[in-house]
Amino acid sequence: MGTVTRGTTNPNRLRRMDRWIVATHGAELRRAADPVAVDLGYGAAPWTAVELLHRLRAAAPHARVVGVEIDPARVAAAEPYARAGLVFRHGGFEVPVSPAPSLIRAANVLRQYDEEEVATVWRRLCARLAPASEGSRGGLLVEGTCDEIGRRHVWVALGPEGPRTVTLATRLGSLDRPSDLAERLPKALIHRNVPGEPVHAFLRDFDRAWAAAAPYASYGARQRWMRAVRDLTADWPVTDGPARWRQGEVTVRWEALAPRE
């Protein structure tokens, strides 16, 4: 269920997303009896699935990864890379995996879809996540877009109940201003970066905070970013703190950036 993507992929492209997943969802994976992670639409080569297994097992040694691709030829090409804890399956948004996954990562998959299709795909994928229970918020869907070498990345994190947060992550040395990340907004937001929409207001305020933090540039781009994000917290519901800001990240509650109806 779905459409074949272009399949473009590069080694280490999703490192920023993976680091964030391990930092924010690693405890959930460790608590799960059988933590299954899905690399949905991994593309023409299986590098991102192989890397996901390696990174998740640093936090949850018993994690398993299933690479899911809608193109049977890509599944066949990936088979030589299967190993203990890593398998590849033919499928799409129905996510043919059991048990219900603790994580679904869908990077650069919805970029080719229409904005109107995103909510339906989100609901379908969220319904496949491991449900919330006592002591657990349930599985996590991470859906977003990055550039070809992973310098700039924006993703939405969703639980079984729906969208939770939006994260912007970047290699700070590549950034002129925070709004440079607008071109990597996920499909749900990229067409909403226009006056009157919350995501446009957020990027405008971020650029202003970045400009005001210019004196910190003498200490490096990281210090300037951290100061700008700290200033943003006065008006925007930033959910993370300095430990993540130092990585060139900032996470904001979804409700603050959600498109207006």
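T167 counts as buried in this predicted model, because its relative accessibility is 0%. The residue belongs to strand 7, which covers residues 162–170. Which residues does T167 contact, once its neighbours within four places in sequence are set aside? They are W20, H153, V154, W155, V250 and T251. With T251 there is also a polar contact, side chain to side chain, at 2.7 Å.

Leaving out residues up to four places away in sequence, T48 touches T9, L14, D39, Y42 and R105.

Along the chain, T167 and Y42 are 125 residues apart, and their C-alpha atoms are separated by 21 Å.

How many aromatic pairs does the structure hold? There are eight. One of them joins Y42 and F88 in an edge-to-face arrangement, with 5.3 Å from centre to centre and 65° between the planes. This pair connects distant parts of the chain: Y42 is in the loop between strand 1 (36–40) and helix 2, whereas F88 is in strand 3 (residues 86–90), 46 residues apart. Both Y42 and F88 are buried.

A further edge-to-face pair is formed by F202 and W236, at 5.3 Å centre to centre and with 80° between the planes. Here too distant parts of the chain are linked, since F202 lies in helix 6 and W236 in the loop between helix 7 (221–232) and helix 8 (242–245), 34 residues apart. F202 and W236 are both buried. Ring pairs also gather F202, F206, W225 and W236 into a cluster.

In soluble globular proteins, nonpolar side chains tend to be buried together. In this model, the largest nonpolar core has 54 residues, and the members that touch the most others are W122, F202 and W225. Helix 6, residues 198–212, supplies the largest share of this core, namely seven residues.

Which residues does W122 touch, not counting those up to four places away in sequence? They are L110, L141, E143, V156, L158, P163, A188 and W254.

How values were computed
Residues are numbered from 1 along each chain as its sequence is written. This is a predicted model: local features need pLDDT of at least 70, side-chain atom pairs count only at pLDDT 80 or more; totals for chains, interfaces and linings use all residues. Side-chain values use heavy atoms; hydrogens and water are left out. A nonpolar core is a set of buried Ala, Val, Leu, Ile, Met, Phe, Trp, Tyr and Cys residues joined through side-chain atoms within 4.5 Å. Buried means under 20% relative accessible area, exposed over 50%, partly exposed in between (1.4 Å probe, protein chains only). Helices (H or I, at least four residues) and strands (E, at least two) are DSSP runs, numbered from the N terminus. Contact means heavy atoms within 4.5 Å. Rings of Phe, Tyr and Trp (its six-membered ring) pair if their centres lie within 6.5 Å; planes under 30 degrees apart count as stacked, over 60 as edge-to-face and the rest as tilted. A polar contact is a pair of N or O atoms within 3.5 Å; within protein, one must be able to donate a hydrogen and the other to accept it, and residues adjacent in sequence count only if both atoms are side-chain atoms.
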